[in-house]
Amino acid sequence: MNSILATFVGIDIGGTNTRLAVVDALGRVLADRRTDTPTGGDGEDLIRWLENAYHVCRGETEGQPPPAAIGAGVPGILEPGRSAVTRAVNLPFIEGLPLRDLIVERTGTVTILDSDAVAAAWGEFCAREQSPKRFAYVTIGTGVGAAVILDANVVRHTHHSAGHFGHLICDTTDDARECPCGARGCLEALVSGPALAQAARSANLEPDINEIERTSHEGDLEAARFINNAAKPLAIALLDLAHTYATDTVGIGGGVSDRLPSLAHTAAKRIEDANGTLKPDGLRIELTALGEYSGVVGAALLAAKHIRDRSRKE
Ligand SMILES: [Zn+2]
């Protein structure tokens with residue numbers, strides 16, 4: 001694709017996959033690379049892959065303006081200066097790694113870090129033709145995260161990270177499933193990819209969510225029951241989010257949701273059918289607009305926003 005607009009690089013480091021893309025100011029992907037997240041060498045394998053992918057994508061977009069900045073979405077809690085991750089339950093080797101400085105060093109380009117949930121939410125917010133006024137975006141993948149955007153501003157919680165919505169407690173029974181964070185009954189322990197695979201095995205189903213999605217459409221009762229059970233805690237968490245922030249739109253995406261869209265549809269139906277006079281009125285539950293690209297496009301557009309905000313201050 002040809003573009004004469006400024007370009008930015010987005011990086012989406014996930015618990016399972018990592019993607020890097022050159023993106024223009026409208027959020028169009030001009031070149032991209034994806035890999036299984038390299039976990040070896042105490043982070044060096046990841047940094048080396050990012051460096052290589054950056055130069056390969058730069059080569060493929062020769063003739064375009066060079067990237068003005070890099071935005072990287074990371075799965076964890078960032079230190080207050082947003083230069084490194086202090087806690088990443090699904091990717092512990094990046095804890096403490098001076099990620100921002102390493103990317104700057106290898107690419108020579110201004111870099112900002114943000115939470116992967118914020119990046120995905122920003123990408124989805126920008127991708128919607130009519131920007132929602134009060135928007136939340138929930139990503140369901142190896143982990144579960146969410147971020148909130150009110151009046152076009154990212155809501156910042158403590159430690160400059162988004163709130164830890166994946167760890168909203170949705171099951172308070174004594175035998176609730178244990179979460180990677182150590183607590184029991186968190187949303188992440190109930191609907192993340194690994195949690196669903198474990199639940200499928202316990203229900204004597206094939207632990208393959210593509211297969212569960214497919215057989216549910218063929219009328220398989222066990223598959224439908226499985227989706228319904230997972231949709232219950234998700235609906236609770238979505239309602240909690242909607243009540244807390246009075247959101248008008250909640251988007252749902254991430255690898256699990258992309259492959260098991262019935263999960264979000266069923267949760268949306270439960271919310272629609274819920275009783276109670278305080279039920280959020282007109283709340284829209286929508287599937288992702290950008291699919292697997294929301295994180296990487298959002299990270300690039302956050303970098304664009306960073307450059308804009310910085311030049312306004314100067
Ligand atoms: Zn948890």
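Predicted model: local features only at pLDDT ≥ 70, side-chain atom pairs only at ≥ 80, totals over all residues.
A residue counts as buried here if 20 or more other C-beta atoms lie within 10 Å of its own. S4 covers residues 70–74, and five of its five residues are buried. In a regular strand the side chains alternate between the two faces of the sheet.

Strand S1 (residues 7–13) pairs with S4 in the parallel sense through four bridges, and Asp12 sits opposite Gly73 of S4. The pairing of S4 with strand S7 (residues 111–115) is parallel as well and runs over five bridges; here Val74 faces Ser115 of S7.

Zooming out, these strands belong to an open sheet of five, ordered S3-S2-S1-S4-S7, with mixed pairing. Strand S3 (29–36) and S7 stand at the edges with a single partner strand each, so one side of each has no neighbour in the sheet. From one strand to the next, the twist averages 15°. Two helices can be described as packing on this sheet. Helix H1 (residues 44–60) touches S1, strand S2 (17–24) and S3, and its direction makes about 30° with that of S2. Helix H10 touches S1, S2, S3, S4 and S7, with its direction at about 130° to that of S1.

Leaving aside residues up to four places away in sequence, Leu99 touches Ala72, Val74, Ala84, Val85, Ile94 and Leu113. As for Leu113, 14 residues separate it from Leu99 along the chain, and the two C-alpha atoms are 8.2 Å apart.

A second open sheet also holds five strands, this time in the order S10-S9-S8-S11-S12, and again the pairing is mixed. Its edges are strand S10 (153–154) and strand S12 (284–287); each has a single partner strand, so one side of each goes without a neighbour in the sheet. Further in, strand S8 (residues 134–140) and strand S11 (residues 249–253) run parallel and are joined by five bridges, with Val138 standing opposite Ile252 in S11. Helix H3 packs on this sheet, touching S8, strand S9 (144–150), S10 and S11, and its direction makes about 50° with that of S9. Helix H9 (residues 261–273) packs on the sheet too, touching S11 and S12, with its direction at about 175° to that of S12.

Two packed helices are described by the angle between their axes and the distance between the axes. For H3 (residues 116–127) and H10 (residues 294–313), the angle is about 85° and the axes are 7 Å apart. That angle makes H3 roughly perpendicular to H10. On the H3 side the contact is made by Asp116, Ala119, Ala120, Ala121, Trp122, Gly123, Glu124 and Cys126, and on the H10 side by Ser294, Gly295, Val297, Gly298, Ala299, Leu301 and Leu302. Sorted by type, the residues of this contact are nine nonpolar, four polar and two charged.

H10 itself has 20 residues and spans 28 Å from its first C-alpha to its last, close to the 28 Å expected at 1.5 Å a residue. Its buried residues are Ser294, Gly295, Val296, Val297, Gly298, Ala299, Ala300, Leu301, Leu302, Ala303 and Ala304.

Most residues other than glycine have a negative phi, and most peptide bonds are trans. Ala152 has a positive phi, near 65°. This alanine is found in the loop between S9 and S10 and is partly exposed, with 13 other C-beta atoms within 10 Å. Asn204 also has a positive phi, near 60°. Its place is in the loop between helix H5 (193–202) and helix H6 (209–217), where Asn204 is exposed, with 7 other C-beta atoms within 10 Å.

Methods:
Residues numbered from 1 in each chain as written. Axes fitted to C-alpha atoms, helices over the stretch in contact; angles between N-to-C directions. Parallel < 35°, antiparallel > 145°, perpendicular 65-115°, else oblique. Contact = placed C-beta atoms within 7 Å. Nonpolar A, V, L, I, M, F, W, Y, C, P; charged D, E, K, R; others polar. Pairing = 2+ DSSP bridges. Expected span 1.5 Å × (residues − 1). Buried ≥ 20, exposed ≤ 12 C-beta atoms within 10 Å, placed from the backbone.
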